[in-house]
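Subject: Structure handover

Hello,

Here is the structure for your work. Notes on what was found in it follow below.

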Amino acid sequence: MITVAKWGPIQSGDQGRRCFNGNGESLLKLEPLEPVLVLSSHLDDAVLSCGHFLYANPLTTVVTVLAGAPDTNHEGYNSKTTGKPYAPDAISVRRDEDRQALDYLSATPVWLDLLDADYAAYRPSTNYVEVIQGEIARVLNKARPKSVFAPLGLIHADHLAVSEACIGLAVNSPFTWYLYMDLPYGFADRRLLLRRGATVPQHVQLVEFNLYGGEPGIKRRAMSLYASQYAPTRQSSPKGFDATMRGGERYWRVETLR
Ligand SMILES: [Zn+2]
């Protein structure tokens, strides 16, 4: 059973502090300790889901986990959106876009060479969540951030895989872990959150923070720098995409229950 708490206790030394919304409800304000590292499943997810947070927290490192390419021509999502049939060329286009968008937000990109679902046929036959987990652990041990942000893991199998790998690492971790709502997926159906919450391990509690917003023009501008992704992402869910540009970022702190 997973507990998705609307709000929870503030642990000593935690950076969250209580604030109140218009209804007098007490929520936590997101103020993570620096340095901050954000894990992104694909080359654009951190900006879609956390663009306003990144803008307000410059010098964040954004590690895109599934940013690799097999050494082959491949017909699929990446070639279709970039116009590059050779996989390394397609991913090179997408990395360039990521660099531009993160430059705009004063964040630093790091790209891991793991493969996204488009290239699933070229993955090793071993459990890929374990491969992802091993690579993320290696990066964190080197970077030693204080705060790590990971996707909640909605809808897309890649997002779920990265999220599962991260929740496994978050238990009894030396770093403070947070989950962010995958956008625009989180706008598709509110029941998704409950369903995903119900799969979180029993000894993990998610403590919710106040909704995180920002200037809509900032996120739209950052997203527009993903030239190959802007139109297809918006086309797949225009309402959700526009809501994502306006804000609606949601975050939870991961707590291990003893
Ligand atoms: Zn994605």
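Of the contacts in the protein chain with a separation of 6 or more, 76% are between residues 24 or more positions apart. Please note that this is a predicted model.

The protein chain has 258 residues, and 41% of them are buried. Its secondary structure consists of nine helices and ten strands.

On the core: the largest nonpolar core holds 63 residues. Leu-39, Phe-149 and Cys-166 are the residues with the most contacts inside that core. Leaving out residues up to four places away in sequence, Phe-149 touches Val-36, Val-38, Leu-39, Cys-50, Tyr-178 and Tyr-180.

On helix packing: two packed helices are described by the angle between their axes and the distance between the axes. For helix H4 (residues 128-143) and helix H5 (residues 157-170), the angle is about 55° and the axes are 9 Å apart. Angles of 65 to 115 degrees would count as roughly perpendicular and those under 35 degrees as roughly parallel, so H4 and H5 are oblique to each other. The crossing of H4 past H5 is right-handed.

From H4, the contact is made by Tyr-128, Val-129, Ile-132, Gln-133, Ile-136 and Ala-137. H5 contributes Ala-161, Val-162, Glu-164, Ala-165, Cys-166, Gly-168 and Leu-169. Sorted by class, the contact of H4 with H5 comprises ten nonpolar, two polar and one charged residues.

Regards

Technical notes: Residues are numbered from 1 along each chain as its sequence is written. This is a predicted model: local features need pLDDT of at least 70, side-chain atom pairs count only at pLDDT 80 or more; totals for chains, interfaces and linings use all residues. Helices (H or I, at least four residues) and strands (E, at least two) are DSSP runs, numbered from the N terminus. A residue is buried if 20 or more other C-beta atoms lie within 10 Å of its own, exposed if 12 or fewer, and partly exposed in between; C-beta atoms are placed from the backbone. Two residues are in contact if their C-beta atoms, placed from the backbone, lie within 7 Å. A nonpolar core is a set of buried Ala, Val, Leu, Ile, Met, Phe, Trp, Tyr and Cys residues joined through C-beta atoms within 7 Å. Axes are lines fitted to C-alpha atoms, for helices over the stretch in contact, and angles run from 0 to 180 degrees between N-to-C directions. Angles under 35 degrees count as roughly parallel, over 145 as roughly antiparallel, 65 to 115 as roughly perpendicular and the rest as oblique. A crossing is left-handed if the near helix is turned anticlockwise from the far one by less than a right angle, and right-handed if clockwise. Ala, Val, Leu, Ile, Met, Phe, Trp, Tyr, Cys and Pro count as nonpolar, Asp, Glu, Lys and Arg as charged, and the others, Gly among them, as polar.
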